[in-house]
Amino acid sequence: MERVRTVGLLGGGVIGAGWAARCALNGRDVVVCDPDPEAERKIGEVLENARRALSRLTLAPLRPAGRIRIVREIEAAAEGADFIQESLPEQEALKTALLARADRAARPEIVIASSTSGLLPSRLQAAMAHPERFVVGHPFNPVYLMPLVEICGGARTSEATTDRAAAFYRSLGMHPLRLRKEIDGFIADRLMEALWRESLWLVHDDVATAAEIDDAIRFGPGLRWAFMGTFLIYRIAGGEAGMRHFMAQFGPALKWPWTKLMEVPELDDALLGKIVEQSDAQAGSASIRGLERLRDDCLVAILQGLRAQDFAGGSVLKAYEEALYAEASGGRPAAPDLAQPLRLHETRVEPGWIDYNGHMTESRYLQVVGYATDALFRLVGVDAAYQAAGLGYYTVETHLVHRREVAVGEAIHVTTQVLGADEKRIHLFHSLWRTEDGTLLATAEQMQLHVDAKASRACPARADIQAALARLVAAQHHLPRPREAGRKIALAPLAG
Ligand SMILES: NC(=O)c1ccc[n+]([C@@H]2O[C@H](COP(=O)([O-])OP(=O)(O)OC[C@H]3O[C@@H](n4cnc5c(N)ncnc54)[C@H](O)[C@@H]3O)[C@@H](O)[C@H]2O)c1
């Protein structure tokens, strides 16, 4: 797949900032064009929310974050880009004109996509010199968490462009859904608008308040929609006879005068006032940023729940994590000085790693030293093929010692000493350091046992892995034995 290193973003509002966060947190450098003097602050806040959400969403080794630069001219965002995503205000004339400018400035072979919620791509590409490289990639808010991106080509969009856009979005952990036909509003917005129209009528006619309508969704069908959508749920509702029975039973009701979908209530001051008042009452004192974080936490909970089922949005998350793990193990680390403790893992303390005390939560220590252990395995030849054969090391014992508090945002790294190894075991000693000033934050002593997972038993490692480990042990033999190594937990006075 082609490598997209730099993404040019046109517009850095709600959606543009979301793209900036998703791209940057997936290792892409981002250049955002937005004239808003507050753009940097706003994008920074969205990035912070995204970091927090992503660090709660997954334990997989995230890609090193890319940089975000803000510029004022469309050309400055377009020139060096390997992919362009436009998220300008939903005005056809503005988008068409600025897309044509970006098209002139960008390299001719790169894809230019638009986040438009419903404008037709055939019209947006009209003024472009290279319309074949234009496609709609319609995301959902928050872009950094929602998997769906609807892809819709216009009359002059090439098949290759749609393929390349889909591949890029997939590499960001998204689920591209290709439209078969070009239509206003695409698929999801048409569905959401139908619901929205009905909701406005229900408020207008005093049938229900904003909060009651939301309750009707979130305690009911909304829970099912999150994983099965409408058709599959109705199929089940038809009982053993499935969809045919469901349609026989409920089909005739479609002709009853239930809906007012073809009409829109007059959005006069009275209705607007009512909607705003009810929405204010529903939200209470919650701020928008607070609601955003609540929304993100709930989305994370749903996606994690679905990941355990390997279903719907959870399958997308699972595939994304597998890609991250595969990338992290894709090659041996650069040859380090074997005679010193090996510096094999560096990271930053993410907001989601912090517990109620404001310090790094215990499980994250295991995660961080776990990555260092994985890197050591790769160094001695335990690769993906070896693991796919069911062979590898399991951690059978860990002793963590916490030396200093570890705070959010700190850059940390791990050094690893190999205290010993035999045909089946490795005795490791990890030290976790604050990178900025070299303070020792924690240590973790571990025993790793080599296993044949298919046979469910311990067994000797492959000869070359044993030999690599033996070389490491010999090279590090001169290092002083760490003070905490072999220490037991007891109430007796501590030695040293
Ligand atoms: N908000 C959503 O939920 C949502 C969801 C999916 C898609 N979209 C689509 O995404 C696009 C952007 O929507 P949004 O909600 O982010 O809007 P927004 O108003 O939050 O952001 C638009 C940004 O464009 C910037 N801008 C205006 N003129 C510009 C110019 N000449 N050059 C560069 N930047 C300029 C503005 O300063 C602003 O930051 C729209 O096409 C919208 O339909 C929105």
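## His-477

His-477 sits in the segment that follows helix H17 (463-476). This is a predicted model. His-477 is exposed, because 11 other C-beta atoms lie within 10 Å and the cut-off for exposed is 12 or fewer.

Phe-134 is 343 residues away from His-477 along the chain.

## Overall build

The protein contains 17 helices and 14 strands. Its C-alpha trace spans about 80 × 55 × 45 Å along the principal axes. Of the 496 residues, 31% are buried. Among contacts with a separation of 6 or more, 69% join residues 24 or more positions apart.

## Domains

The protein is divided into domain 1 (6-186), domain 2 (189-284) and domain 3 (333-476). The centres of domain 2 and domain 3, taken over C-alpha atoms, are 52 Å apart.

## The eight-stranded sheet

Eight strands form an open sheet with mixed pairing. Their order is E3-E2-E1-E4-E5-E6-E7-E8. Strand E3 (68-71) and strand E8 (175-178) are the edge strands, and each pairs on one side only. Neighbouring strands of this sheet are turned against each other by 25 degrees on average, direction ignored.

Strand E4 (residues 83-86) and strand E5 (residues 111-114) run parallel, joined by four bridges. Phe-83 stands opposite Val-111 in E5.

## A helix on the sheet

Which strands does helix H2 lie across? Helix H2 (residues 39-57) lies across strand E2 (29-33) and E3. Helix H2 runs at about 155 degrees to E3.

Note on methods
Residues are numbered from 1 along each chain as its sequence is written. This is a predicted model: local features need pLDDT of at least 70, side-chain atom pairs count only at pLDDT 80 or more; totals for chains, interfaces and linings use all residues. Helices (H or I, at least four residues) and strands (E, at least two) are DSSP runs, numbered from the N terminus. A residue is buried if 20 or more other C-beta atoms lie within 10 Å of its own, exposed if 12 or fewer, and partly exposed in between; C-beta atoms are placed from the backbone. Two residues are in contact if their C-beta atoms, placed from the backbone, lie within 7 Å. Domain bounds come from an automatic or database domain assignment. Two strands pair if DSSP finds at least two bridges between them. Axes are lines fitted to C-alpha atoms, for helices over the stretch in contact, and angles run from 0 to 180 degrees between N-to-C directions.
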